[in-house]
Amino acid sequence: MQVRVVRPGELGDTELESWRAFQRDDPTLASPFLTPEFALAVDGARDDTRTGVVEDDAGIPIAFFPFSTEDGSTGGPVGASICDAQALIARAGVECDPLVLVRGVGLDVWNFDHLVATQTAFEPFHRALHRAPTVSLADGLDAYLARVRENSKDVLPQVARRRRKLAREVGDVAFEWETADRDALDTLFDWKSTQYRETGVWDRFDQPWIVDVVRTLACTAADGVTGLLSTLRAGDHLVALHFGLVGRDRLSWWFPVYNPEFSRYSPGLILLLDLVAEAATRDVTLVDLGRGEHHYKLRVATGSYLVAEGAVRDPEVLSAT
């Protein structure tokens, strides 16, 4: 196994197409966060973005390992803190020893927090497993709604009542799958920053590089990833927003936010269920709600998958320090 390290922006068209082909051939790698476009967006905003290109003896790429270099010898995911999926993107049947891989890209430690848990070679390095709730639309919207009624009998009637109340007291409710409002993304940044600060959470949008990545992805429309900014309005009022990523078969729920002035109407849940309903008409078979078993996610989820947190550490280097 040979490993060549480059910045994502230095990859050639043939290499990028190989990356995409590996994703198409393996459903466990279908996340938009594993696309070269995501790595390229981060590479445009940060200087520490790298890709290990694993090659066979003929110099043909057989795997891609996107990572960041945190301090030279320690690395992490590409877009750490906003990357909801991490993995080795490999040709079918190819496996790499994680220690050999990490050494090959010049690191002593590679930290991860959303690693695809089905990549069994990394299991010895797992520290914890976390569930990511999902909405399955594989059998259509009606089948999904029936499962939600079985699992949580009150959520759909409750959201419907609050939607009617919002329309009655504020104005007609309108959902837009993809907004043409150029200012809406700035509104999302502002509202989300306020939410982070008021809840004592680190403000991601105080980081210029994160704003740049989201702006880039908002203008991205590729086979494996398309940025999607959706809105919910009541009359003349914007009450909720969501920016996420659409892949070949899924929608990744990423940055939802609502206007707290309308919190009593549950605008976030209204928007989420409207988004799910529209996704079902667009050949989306899965809505990935991301790591974290938040109450609102569990109320509408029909399944889940596991992501791993941990670190691949080189014991020889660490024992010598």
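Ser 81 sits in the loop that links strand 4 (74–76) to strand 5 (89–90). The model is predicted. Most residues other than glycine have a negative phi. Ser 81 is not a glycine, yet its phi is positive, at about 95°.

Ser 266 has a phi near 55°. This residue lies in the loop between strand 11 and helix 8 (267–279). Is Ser 266 buried or exposed? Ser 266 is buried, because its relative accessible area is 14% and buried means under 20%.

Strand 11 itself covers residues 250–258, and Arg 250 belongs to it. Arg 250 is buried, with a relative accessible area of 13%. Its side chain makes a polar contact of 2.9 Å with the side chain of Asp 249.

Now turn to the surface. Which residues gather in a patch of positive charge there? They are Arg 161, Arg 162, Arg 164, Lys 165, Arg 168 and Arg 264. Take Lys 165 from this group. Lys 165 is part of helix 5, residues 155–169. Lys 165 is partly exposed, with a relative accessible area of 33%.

Asp 57 is exposed, because its relative accessible area is 75% and exposed means over 50%. Along the chain, Asp 57 and Met 1 are 56 residues apart.

How values were computed:
Residues are numbered from 1 along each chain as its sequence is written. This is a predicted model: local features need pLDDT of at least 70, side-chain atom pairs count only at pLDDT 80 or more; totals for chains, interfaces and linings use all residues. Side-chain values use heavy atoms; hydrogens and water are left out. Patches are made of residues with over 30% relative accessible area and no salt bridge: like charges are joined within 9 Å, nonpolar side chains (Val, Leu, Ile, Met, Phe, Trp, Tyr) within 5 Å. Accessible areas come from the Shrake-Rupley method with a 1.4 Å probe; for residues, only the protein chains shown count as cover. A salt bridge is a side-chain nitrogen of Lys or Arg within 4 Å of a carboxyl oxygen of Asp or Glu. Lys and Arg count as positive and Asp and Glu as negative; His and the chain ends are not counted. The place of a charge is taken as NZ of Lys, CZ of Arg, CG of Asp or CD of Glu. Helices (H or I, at least four residues) and strands (E, at least two) are DSSP runs, numbered from the N terminus. Buried means under 20% relative accessible area, exposed over 50%, partly exposed in between (1.4 Å probe, protein chains only). A polar contact is a pair of N or O atoms within 3.5 Å; within protein, one must be able to donate a hydrogen and the other to accept it, and residues adjacent in sequence count only if both atoms are side-chain atoms.
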